[in-house]
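Subject: Structure handover

Hello,

The structure we talked about is below. My notes on its cavities and pockets, and on one helix, follow it.

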Amino acid sequence: MLKKKVIFTFSSENVEKPVTYQLIKKYDLWVNILQAKFKPNLGGKLVLELKGSKPQIKEGLDFVRQLGVKVEFLEQEVIWDEKKCVDCGACVAICSTGVISLDKITYKLKFDYEKCIVCGNCVEACPLGAIKVTF
Amino acid sequence: MTVKKTYKEINERIKKGEAVVVSAEEIIPIVEKKGIEKATEEVDVVTTGTFGPMCSSGAIINFGHSDPPIRMQKVWLNDVEAYAGLAAVDVYLGATQLSESKGMAYGGAHVIEDLISGKKIKLKAISQGTDCYPRREIETYITKESINQAILFNPRNSYQNYNVAVNTSHRKIYTYMGILLPEMGNANYSTSGQLSPLLNDPKFMTIGIGTRIFLGGAQGYIVWEGTQFYPQLLKTEGGKRIYKGGTLAVIGNLKEMSPDFIRAAFFKGYGVSLLIGIGVPIPILNSEIMKYVAVKDEDIYTEIVDYSFPRLKKPSLGWVNYKQLREGMINIRGKDIPTSPLSSYAKAREIALKLKAEILKGNFLLQEPIQKLPKKGEFKPLLEIR
């Protein structure tokens, strides 16, 4: 079993397609919707967590791409600029899913991207502008 | 036999490369193992460090004179106004002053960081013109190389201890203690605890006017007590004595500082502040001084304060120590609340160790204060008199 967090970007042409339904029904994937932002007829974004075997996920994502939906993996969407960061920790407690922590020995920041749901709390809490989320 | 040392003896040992210097963290296991007396005998200096937002900061800048000359009456640096009511080409640029074009996202602190980093800064000044200073406006660019002086002079830095901020209201609030989530969703604090300069010498036995310090990557000095200085014992909690209100006024050459240890910060919904790295060396002159530098996070208490109450006196929700805060979770009224520091413990440690290395190399000698800081301070409210 593999777990992947993905972002689907829809355009006005493919926004009506029942992507989530097909991923569950046809590809037998376990789907958890983390975030969804849509504008009727204009397009939108969907953040999902997918669970399934490696071939299932691959085939499911190929199907989504064939519909013209842009597929990105979530790891690429949260950008932490370590050079700008001073390891203050202002982003730690505000993180809604415990992605960010301070190492108990070095007191430097650690990011566990697996847990991230791209809520954006850390972005507005960072005094250095060192975290960016493109969603 | 109680050990007594002088500044002169310690400096001699530093010069000979014989001094024993450790950080305020490293001294803890030494004292635990050897005891206060033996540790006092063996250790000459303990270095402290802090790196956090210090709003009461700014820079004195002298631009040099243009030809024809101008008596600058209003001055902007990258659209951030600097106070120009000082002679002709001197200004004071406050860290929290906001940009007139970029608003809250850019301010005096950013200008200071950009200046240190060697960037070009846009200078605009206007004047009414006089016979001796005929010019009425100027627009040009400056860098740290082009100007005569850039002196960091901060009226209140290195707060001894600070509140833990929580929010009991139903809405998210934006404060100088960061973003506070509703229903006590998080708790923010801002002190380096056992590494913090003024918590390691809470009675100001060695820290005074003239003390040489690490300031933003350069060597600076303590020049006065900080504003709102209140060094008195506040109260006792869990058998521990609580000092809270000590502050320092500090000065140093901005041109020698490094963006590694002085950085602009932006607190959403509040504004701009300056993150400053300060390290103070504490000479171990006697065992009483050693007793204080051996302080541990679990012995330092601070007050939990409800920042949703928009008045001067905010409700207290109890006391907590820095060990609990640093573990990442505290319990208030039966609720577990995740904690966040606003000051970087990693940087504080880096500063204490860098200061230690500089002393060991003989590049940093200890300066005995030329005057002690006052024993008492006043923390008066501002009254509205009609």
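A cavity here is a set of grid points where a 1.4 Å probe fits but cannot get out. Please keep in mind that this is a predicted model.

Cavities. The largest cavity holds about 120 Å³ of space, and there are five cavities of 30 Å³ or more. Its lining consists of 15 residues, with A:Cys95, A:Val99, A:Cys116, A:Cys119 and A:Cys122 nearest the centre. Twelve of the lining residues are nonpolar and three are polar, with no charged residues.

Pockets. The largest pocket has a volume of about 1,500 Å³. It is lined by 39 residues, and nearest its centre lie B:Tyr159, B:Tyr162, B:Asn163, B:Gln228 and B:Phe379. Several strands of chain B each supply at least two lining residues, among them β12 (149-157) and β19 (230-237); β3(B) gives the largest share, three residues. The lining divides into 17 nonpolar, 14 polar and eight charged residues.

The second largest pocket contains about 380 Å³ of space. Of its 16 lining residues, B:Lys240, B:Arg241, B:Tyr292, B:Val295 and B:Asp299 are the closest to its centre. β20(B) contributes the most to this lining, with four residues, and α5 (287-293) of chain B supplies at least two. Here the lining has nine nonpolar, two polar and five charged residues.

Helix α3 of chain B. Nine of the nine residues of this helix (residues 108-116) are buried, so it is largely enclosed by the rest of the structure. The buried residues include B:His110, B:Glu113 and B:Asp114. Just after α3(B), B:Gly118 has a positive phi of about 90°.

Regards

Conventions
Residues are numbered from 1 along each chain as its sequence is written. Chains are lettered from A and ligands numbered from 1 in the order in which they are written. This is a predicted model: local features need pLDDT of at least 70, side-chain atom pairs count only at pLDDT 80 or more; totals for chains, interfaces and linings use all residues. Side-chain values use heavy atoms; hydrogens and water are left out. Buried means under 20% relative accessible area, exposed over 50%, partly exposed in between (1.4 Å probe, protein chains only). On a 1 Å grid over the protein atoms alone, a cavity is a set of points where a 1.4 Å probe fits but cannot get out, and a pocket is an open set with protein on both sides within 12 Å along at least five of seven lines; lining residues have an atom within 4 Å of a point. Grid points are joined across faces, edges and corners, and a volume is the space filled by probe spheres set on the points. Ala, Val, Leu, Ile, Met, Phe, Trp, Tyr, Cys and Pro count as nonpolar, Asp, Glu, Lys and Arg as charged, and the others, Gly among them, as polar.
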